[in-house]
Amino acid sequence: MNTDQDINELSVAQLFKDGQYVIPIYQRNYAWGEPEVEQLLQDVMDMALRGESDGAYYLGSLVAYRRPDGHFETIDGQQRHTSLSIILAVLKNEFGQALEGIERINLSFDSRPKSQSTLRRLFAGSSQHDGQPLEPGICGAYDIAKRYLTRDKANLDRFAEYLLNQVTILRVVVPDDTDLNHYFEVMNNRGEQLEKHEVLKASLMSQLDDDLERSSFARVWDACSDMNRYVQMGIDSGIRAAIFGADWNNCPTDFTELCQQQKEDSASDTRTLADIIENPKFAAVNPDSTSDNDGAFGSVINFSNFLLHVLRVTSKEDLPLDDKRLLDTFAEYHPDPRQFIMNLLKCRMLFDKYIIKRENDEDWSLKGLRLYDRKNQANSMGYVNSFESPEQNLHLIMLLSMFHVSFPTLVYKHWLNAALHFLYKNTRHDLTIDGSSYLVFLESLSDKFFYGRFGKGEPLDYFHLTYSEPNLPREFDRSYLDQGTGVQNFIFNRLDYRLWLQLRDGTSFPGVDMSYLRRRHQTFRFSFRTSVEHYYPQNPLGGNALEASETLPNGVDSFGNLCLISHSNNSKLSNYLPTAKKEHYDKATAVESLKQVFMMSYKHWGPEQPEVIAAHERMMIEVLR
């Protein structure tokens, strides 16, 4: 049994001053990526800016075992502890924040010396590019935190003070005689708690009048909640046509009619137990049945967050897209459950057909559901491109995936909210929309996000950019390109999209090897990339440094010398000269960055030809804007 001394609520400052923590051999590697790191940073920033004196933020628990030497063996909580260590290193070295006497990272590893060395060196301010082996995941999280905090430099003092003193973690020390292997197994197989959207479902259903309304509501809600298959497939096959029409693609609009269809379906299935025993019915196994053809689709969003998008789209209120505040947000706006469930169903059908998803864990997909009526066979269905023109469908996939990889954190998916709002307003009852108008809207949204957030003057709020037509700055602020590895992902992704579009349309660019570009650009697809690479390295192996000059005022950190790639590739090749990098990437089947392909198309690149890098930078800026 734990004593009071075994359970302590610690601030982040106290956590890093009190004790030494060890990650044992049975723990997995550090696994947080951009969504998790940015979500943590966003949560802390939100709380810090509220300015509430009692607004402490509880980060969760840290379960540990006290070893004989007094060190704490971490059983649960290493991802949060490691992430906090990385964030402190960023605050200390990138922004000069004082850490209230925290002089070291108090986290070590039993069997991962590279992870331990990486954390120590990052906190000490050692370069990530000095040729020493580093842990890519930890370095990637460092870059993510640096870019995030660069966006909000004005509030860094408040953020750091709040993080150190009001973000708390509960340290629970297990008894000395605990079987650690068994405890760890239990921790990793413990049952899931009731999710917030399930609590919300019960709250909304309690406002309905009778069992028929509640069962109809629940049927639609449950179908919508499975984000990895099309919503029609979550409705019983016997009433799909009654609800969605003969082709399963019409959206019902009346809750009373939906309840009536549910009532008729229930009545047709009602049989006494004696009748079932006397006259059993056996379902035939049909290889073409729709229930076995659901597909395997990966959603860009979870259900709780999707509920907030629907509420914002239909209310047009500037409510937060933070699913941790789901219950509070719905309590504040209290939508009518009958109307909300119909809005939810419509938005979900639009989402399925017109928002990208991963298909079978492979490429991006933009498809709708199609029902086939084959003679002598039961109805069967399949998935086809949402738009008849393959070129238009691919164009939309590229635009949507550009937005998605630029904003992987759920709370930042304002592009998705804007797209759903446009679709909700402009589709007909059969949920069809003109692909050209959708393209025009998304192109305009890209311009709004670029000039509204990176134009000269104060950045505009995303809600304002989505739900109104603000006056945008005519020029973007060049200073956003002069931040080295702090340049934002969206800038690189927008540039790569516009390069892809111009290459697709046959545009020629001066001074580059166009035949090389045309061979490579067709394999480019957007993926999650978090690392800004210096094409000519900061610490070149066997070469001279690329220093600042009149031609290149920012030297090696010039925007012309940068591109966005995966952190694994950056860490492997960071100090290689451009010729060696090109040889490596030429062997790859897919292209990570079109800007990188442009840089690789030049015959010479480095300190001896700064004018080449400067000319490339000017050309990229013209494409970008």
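Modeller: Before we start, a residue counts as buried when its relative accessible area is under 20%, as exposed when that area is over 50%, and as partly exposed in between. Keep in mind that this is a predicted model.

Colleague: Where does S406 sit, and is S406 buried or exposed?

Modeller: S406 belongs to helix 16, which covers residues 390-406. The relative accessibility of S406 is 7%. Buried means under 20%, so S406 counts as buried.

Colleague: What makes the pairing of S406 with N493 a polar contact?

Modeller: Their side chains come to 2.9 Å, and the cut-off for such N or O atoms is 3.5 Å. Beyond its neighbours within four places in sequence, S406 is in contact with N489, F490 and N493.

Colleague: Let's turn to charges. Why is the pair E73 and R67 called a salt bridge?

Modeller: In general, side chains of opposite charge can pair when their charged atoms come close. The limit is 4 Å from a Lys or Arg side-chain nitrogen to an Asp or Glu carboxyl oxygen. For E73 and R67 the N to O distance is 2.9 Å, and a salt bridge is what they form. Both E73 and R67 are buried.

Colleague: And what makes R80 and D76 a salt bridge?

Modeller: The distance there is 3.9 Å, N to O, and the rule asks for within 4 Å. R80 has 17% relative accessibility, so R80 counts as buried.

Colleague: How do you know that D336 and R338 meet in a salt bridge?

Modeller: The N to O distance between their side chains is 3.7 Å, to be set against the 4 Å limit. D336, at 39% relative accessibility, counts as partly exposed. Through salt bridges that share partners, D209, E213, D336 and R338 are joined into one network. The search of the whole structure finds 27 salt bridges.

Colleague: What does D336 do at the start of helix 15?

Modeller: A side-chain oxygen of D336 reaches to within 3.2 Å of the backbone nitrogen of R338. Helix 15 itself runs over residues 337-354 and spans 25 Å, close to the expected 26 Å.

Colleague: Why is helix 15 described as largely enclosed?

Modeller: Its count is 16 buried residues out of 18, so the rest of the structure largely encloses helix 15.

Colleague: Which element gives the largest share of the lining of the largest cavity?

Modeller: Helix 15 does, with three residues. Strand 10 (367-372) also supplies at least two residues. The lining includes M349, D352 and K353, along with G368 and L369.

Colleague: What makes a space a cavity rather than a pocket?

Modeller: In a cavity a 1.4 Å probe fits but cannot get out, whereas a pocket is an open set. The count comes to three cavities of 30 Å³ or more, and the largest cavity has a volume of about 90 Å³.

Colleague: How many residues line the second largest pocket, and what is its volume?

Modeller: The second largest pocket is lined by 37 residues, with Q42, D152, Y412, R453 and Y462 nearest its centre, and its volume is about 1200 Å³. Among the elements giving two or more residues to this lining are helix 5 (136-150) and helix 18 (435-454). Helix 2 gives the most, with seven residues.

Notes: Residues numbered from 1 in each chain as written. Predicted model: local features only at pLDDT ≥ 70, side-chain atom pairs only at ≥ 80, totals over all residues. Heavy atoms only, no water. Buried < 20%, exposed > 50% of the residue type's maximum accessible area, 1.4 Å probe, protein only. Helix = DSSP H or I, 4+ residues; strand = E, 2+ residues; numbered from the N terminus. Polar contact = N/O pair within 3.5 Å; in protein donor to acceptor, adjacent residues only side chain to side chain. Contact = heavy atoms within 4.5 Å. Expected span 1.5 Å × (residues − 1). 1 Å grid on protein atoms, 1.4 Å probe; cavity = no way out; pocket = protein on both sides within 12 Å on 5 of 7 lines; lining within 4 Å. Points joined across faces, edges and corners; volume = space filled by probe spheres on them.
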